[in-house]
Amino acid sequence: MNARLKAPDWRAVGWQGAVVLATAALFAWFAHNLSVNLAARGMEIDFGFLARRAGFDIPFRLVDWDGSYSYGWALYVSGVNTLFASALIIVLASALGLLLALMRLSGNPLAAGTSRSIVEVVRNTPQLVQIVFFYIAVLQVLPPMRQSITWFGTMFLNVRGLYLPSPSGTLYDAILGSTVVLVVLGALFWRRLGWQQVPRLVVLPPLLVLGAVVAGFTAAWDYPSLKGFNFTGGLRVPPELLALVLGIGIYTSVFIAENIRAAIEGIHSGQAEAARSLGLTSNQSMFLVILPQALRILIPPLTSQYLNIIKSTTLGAAIAYPEVLQIFARTVLNQSGRAVEVMTLVLGVFLVVNLLTSAAMNYWNRRLALQGR
Amino acid sequence: MKALTRQPLLRAPLLRALFGTPGNAVISLLMLGAFALALPPLFRWMIGDAVWEAPNRAACLAAGSGACWAFIRARFALFFYGLYPEPERWRVEIGLLLLVVVGTGALFARRGRVWWLLVLLTALPMTCGVLLAGGVFGLKPVPTPQWGGLMLNVVISFVALGGAIPLGIALAFGRRSRYPVIRILSVVMIEFWRGVPLLTVLFMGLILLPLFLPHGVTVDNLVRALVVMTLFTGAYMAETIRGGLQGVPNGQAEAATALGMHHAQVQLLIVLPQALRLSIPGIINIAVDLFKDTTLVSIVGLFDLMGVVNQSMKDPAWLGLAAEGYTFAAIMFFFACLIISLGGSLLERRFGVGQRR
C-alpha cells in the first residue's frame, strides 16, 4: 500500500522539480545576460536616480511640479495624471454605456437600432484610431484662441484646449465635500440603517447632483477670459486629456452597454412576472427586483472594463498626454538611460493598481453576492 | 386595443412601436431630430462634396469642401503594403490568396476541418513567413523594416494568435494542474501579462528584451513586438481555454478513464477538443481584440496601417488630411473585424456546440 502511494508522489516531485529547474535556469540565463549587457554599458541596477533632479517640464499636472523636483516625484505626478484620466473616463464610459443600454432596451426600434449600430461601429474600430482621430482630426483643427468656440460667454473651446470656469470658496468646498461623504456613507451603510424599502440607486445619485448644484450656487466662480494672446483664470483642460477621455470613454462605453444589457436580460423574466403578481409597480419591480440582481451579474464584467480603462490610459503616450508610460518610458528613460529600473517601475505601478482594484471589486462583489442567497 | 388599431395612423406595427405611447413618441422624435442634425453633414462630407480625383491637397480643397478621398487613392498601395518593394508585392498577394483559400477551407470544408485549421495555424504562417521574408528559394530578401501597412497588422495578429493558442492551452492546463508549483507558476505568468497594459509590454519588448539576450545578439524590432504580443495574447487565451475546460462535464473524463485511457490521453483526446470547441467564441473575441490592438505597434516605431497613416499626413502634398486617413483606417479595421466575427460565428455553428447527439 505504502509503496503504491509513493510512486505518484515521486512523479509529482519529478515534474515539479523539472519545472522549477527549467524556470530557474531561464531566469538565471536572463540575469546572466542582463549583468553582462549592463557591464558592457558600464551600468548597474540602481534606483538611486529617483532622488535626482528631473529638470524637465510636465505640461499638465494636478500636483506641484517644476524642473527642480526629483524623478521619484515625477512618478507621483504622472501617476496622479493616469488616475485622474482613468476616473474621468470611468464616469463618462459608465454614463454613456448606461444610456446606450437603455436605448437598446427601450423597446423603441429607432433608439434600439441606433444604439446597436453605434455599438457595432465603435467596438470594431481600434481604440488608438479613435483617440488619435479625436486628437488630430477634431481637436487640432479647432479655431485659434481669438476665434474660440464660446458657450454662454464662459466656456471656450479652441486649439489649446477647453477653458471652463472654476469654482472655489470654503462654503463650496464644505457643501460639496460633505455631500460626497454623505453619499459614500449612505451607499456603504444603507442596509444597516434599515432603509431597504427605498432603493439607494434612486436616492443617492440625485442627492449627489443636488449637493453639487447647491454648492455651485455658493461658490465664487473664476471665469476664463482672453487677455492678450492667452486665456487667464478658470480651468484649462488640455486637448490631450480631452482626446484621451473621449476616445477611451466612447470605446469602453459600448462594451459596458453590452454588459449592462446582458445583465438585465440575464435576469429571468419570471422574476419580473413574480414581482408584478405580488402587486409591485413596474418601477418597483425594476428597482427592487431586477436591478439588484442584474447588478450582481454586472459587477465582474464591469470590473474588467474599469481595469481595461486604467490600462488603456497608457495610449496617452500616442498623443503625449503626460501619464506614467509617457513620462517614464519616454522622457525619464531618455534622460537617465536606466532601462531596467524605469520599466520595472512602470510595470510595477500598473500591476499594483490592477491587483488593488480587482481586490476591491472582488470584495464588493462578494458583499453583494452574499445578500439573500 | 381595439380603439388603438382602429386609428388609421397607428395601424402599421412599426408606427405603433415608434409612436404608440407618449414616451416612445418623444424618444422617436428626439432620435429623428438627432439624425436630421447629424446625418446630412456627414453624408455631404463623406460622399456628397467629397473629391475623388486630385493631384494634391490644394487641388482637393479647390474642388470641393468634403473629404479628400484622392489622398487615400494616391496612398492606397502604401496603406496595404507599407514600403514593401513594388516588384515583390506579388508575394504578399500570394500569401493573402493562400490565407483566403485555407481560411475558406477551414470554414466550409465538409470533412477534415481540424486539418484545415491546423494548416491555417501552422503550415500557412510558415509558408507565408518564408514568402514574405524571402532569402531562400531565390526569393529576394525583404528586411522587416520595409514591411508595413495593413499587411503588417495581419502578419502580427496571425503570428501572435498562432503562438498564443498552444501557449494558452499549456498555461490553462498548468493552472488546473494538481501540482502546486506548476499551478502557481502558471497563475503568476497569466496574471502578470493580464495585469499590465499592452503598450507597456511593447515598450518592455523594445527596451528590455535585447538586455535579456546574450550580449551582441540583436533582435529585429518586428520580432520583439511579435514575442511580447504572443505572450500577452497567450495569457488571455489561457483564461478563455480554462473556461472551456471547466465547461466540459466531468462525466466525459470519467467515461474515458473507465474505458482505460491514460490521463494524458483523456485530457488531450477527450477533454481538450471539447474545451476548444466551447472556447471558440472567446477565441474569436481575442482575435478581434488582438487585430485592433496591432495598431499599438505604430507607437513603438513599426509602420502598420496606423503608422503609415500617421506618416502619410506629413507628406507636403497631402499635409494634414487626418480625418480622411483615420476614417479610412477605421473603415478597414471595421470590415476586417466584421470578417473575423462572421467567420467565428460560422466556425461556431459548424462545430455545432450542443447540437451533436
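Colleague: Which residues does Ile131(A) touch, not counting residues up to four places away in sequence?

Modeller: This is a predicted model, in which local features need pLDDT of at least 70, side-chain atom pairs count only at pLDDT 80 or more, and totals for chains, interfaces and linings use all residues. Residues are numbered from 1 along each chain as its sequence is written, while chains are lettered from A and ligands numbered from 1 in the order in which they are written. Two residues count as being in contact if their C-beta atoms, placed from the backbone, lie within 7 Å. With residues up to four places away in sequence left out, Ile131(A) touches Ala243(A), Leu244(A), Gly247(A), Ile248(A), Leu315(A), Ala318(A) and Ile319(A).

Colleague: How many residues does the largest nonpolar core have?

Modeller: A nonpolar core is a set of buried Ala, Val, Leu, Ile, Met, Phe, Trp, Tyr and Cys residues joined through C-beta atoms within 7 Å. A residue is buried if 20 or more other C-beta atoms lie within 10 Å of its own, exposed if 12 or fewer, and partly exposed in between, the C-beta atoms being placed from the backbone. Ile131(A), Val132(A), Phe328(A), Val346(A), Met151(B) and Leu202(B) have the most contacts inside the largest core, whose residues number 159.

Colleague: Which helix gives the largest share of this core?

Modeller: Helices (H or I, at least four residues) and strands (E, at least two) are DSSP runs, numbered from the N terminus. The largest share of the core, 16 residues, comes from residues 149–175 of chain B, which form helix H9.

Colleague: What distance separates the centres of domain 1 and domain 2 of chain A?

Modeller: The domain bounds come from an automatic or database domain assignment. That assignment gives chain A domain 1 (71–130 + 247–370) and domain 2 (166–222). Taken over C-alpha atoms, their centres are separated by 23 Å.

Colleague: In what order do the four strands of the open sheet in chain A lie?

Modeller: Strands pair if DSSP finds at least two bridges between them. E1(A) is joined to strand E2 (residues 155–158) of chain A by three bridges, E2(A) to strand E3 (residues 161–164) by three bridges, and E3(A) to E8(A) over three bridges. The edge strands, each pairing on one side only, are E1 (149–151) and E8 (235–237) of chain A. The pairing is antiparallel, and the order is E1-E2-E3-E8.

Colleague: Which residue in E8(A) is the bridge partner of Tyr163(A)?

Modeller: In the hairpin of E2(A) and E3(A), two residues lie between the strands. Phe156(A) has Tyr163(A) as its bridge partner in E3(A). On E8(A), the partner of Tyr163(A) is Arg236(A).

Colleague: Which helix gives the most to the side of chain B that touches chain A?

Modeller: In the interface, 39 residues of chain B are in contact with 46 residues of chain A. The elements giving two or more residues to that side of chain B include helix H3 (22–48), helix H10 (180–195) and helix H18 (322–351). With nine residues, the helix that gives the most is H18(B).
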